[in-house]
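Please open the model in your viewer and keep the selection panel at hand, as each stop on this tour begins with something to select.

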Amino acid sequence: MNHRNVRGKILYMAEREGQHLERGREWFSMTVHDDGQRTVRSHCEIELGLVADRTVIRDVTYTVDRNFKPLDGFVRLHSSGKYLGSGWFRVTDELAECENHNVRDGRVSQRLELDNPIPSLGAHALTCDILHLGRFDHGRGESIQPVRGAMLTSLEHDGCSGPLLAPVDFDIEYVGPETIQVPAGSIETDHYRFLLEGTLPQEHPTEDLWCIPEEFIFVKISVGGYMNATFELAELEYEY
């Protein structure tokens, strides 16, 4: 077997009343399969007040192909200690579909016919956010590139709805290589930004992201504005 495994933990930190507090955490693993597909598994815990007036527990499994195009996945949500919903999704070049159940709508089936293949999909685990960056084409020589017709499993900033597929457009900016210090150590990264102004129903601050080049493994995300939060890699283990 020639697959590779990576495991890690992310700390969710926020500035509140002059204190730098842990307000959540995420455990993840990534398997790079023999055929180049990547499967991410993430367990996320968001504490009260980090994003909204609720707690969130999210479990995600998400797979992309060797070119980071979305294939399929699963999301399950608890909000403030109660089951909210779960959904399975699958993407082809012609179709995006989701089979969902949640407490508000009951059983829902989505079938969205596509004019063009979707470039990426966000399932709201931070490790999945980083996978959007795998679609950035460094060969084009443009520091800002549009992402059009992407999809999210929720339009809430904390991903606490649905889960149902919703289209979104945004831009990705490549800032450049940068060596940064996080709890897991000093790591050489590529620095990007999500330019999100006007892309979501709720105003979302610009988001800075750092990842391990080519592997697109999470290292750090920083979000300003009302969140004023930093998400940092605390543990990283390779199993090759």
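Which residue takes a positive phi in the hairpin of β4 and β5? Select F68, whose phi is positive, near 70°, in this hairpin with five residues between the strands. This is a predicted model, in which local features need pLDDT of at least 70 and side-chain atom pairs count only at pLDDT 80 or more, while totals for chains, interfaces and linings use all residues. Residues are numbered from 1 along each chain as its sequence is written, and side-chain values use heavy atoms, with hydrogens and water left out.

Next, select residues 56-64 (β4) and 70-79 (β5), antiparallel strands joined by nine bridges, where D59 stands opposite R76 of β5. Strands are DSSP runs of E with at least two residues, numbered from the N terminus, and two of them pair if DSSP finds at least two bridges between them.

In the hairpin of β5 and β6, with two residues between the strands, S80 takes a positive phi near 50°.

Move on to E97 in strand β7 (residues 95-102). E97 counts as buried because its relative accessibility is 11%, buried meaning under 20% relative accessible area with a 1.4 Å probe and protein chains only. Neighbours within four places in sequence aside, E97 is in contact (heavy atoms within 4.5 Å) with W88, F89, R90, Q110, R111 and L165.

Finally, select L133, which touches I172, Y192, F194, L209, C211 and F216, residues up to four places away in sequence not being counted.

Technical notes:
Helices (H or I, at least four residues) and strands (E, at least two) are DSSP runs, numbered from the N terminus. Buried means under 20% relative accessible area, exposed over 50%, partly exposed in between (1.4 Å probe, protein chains only).
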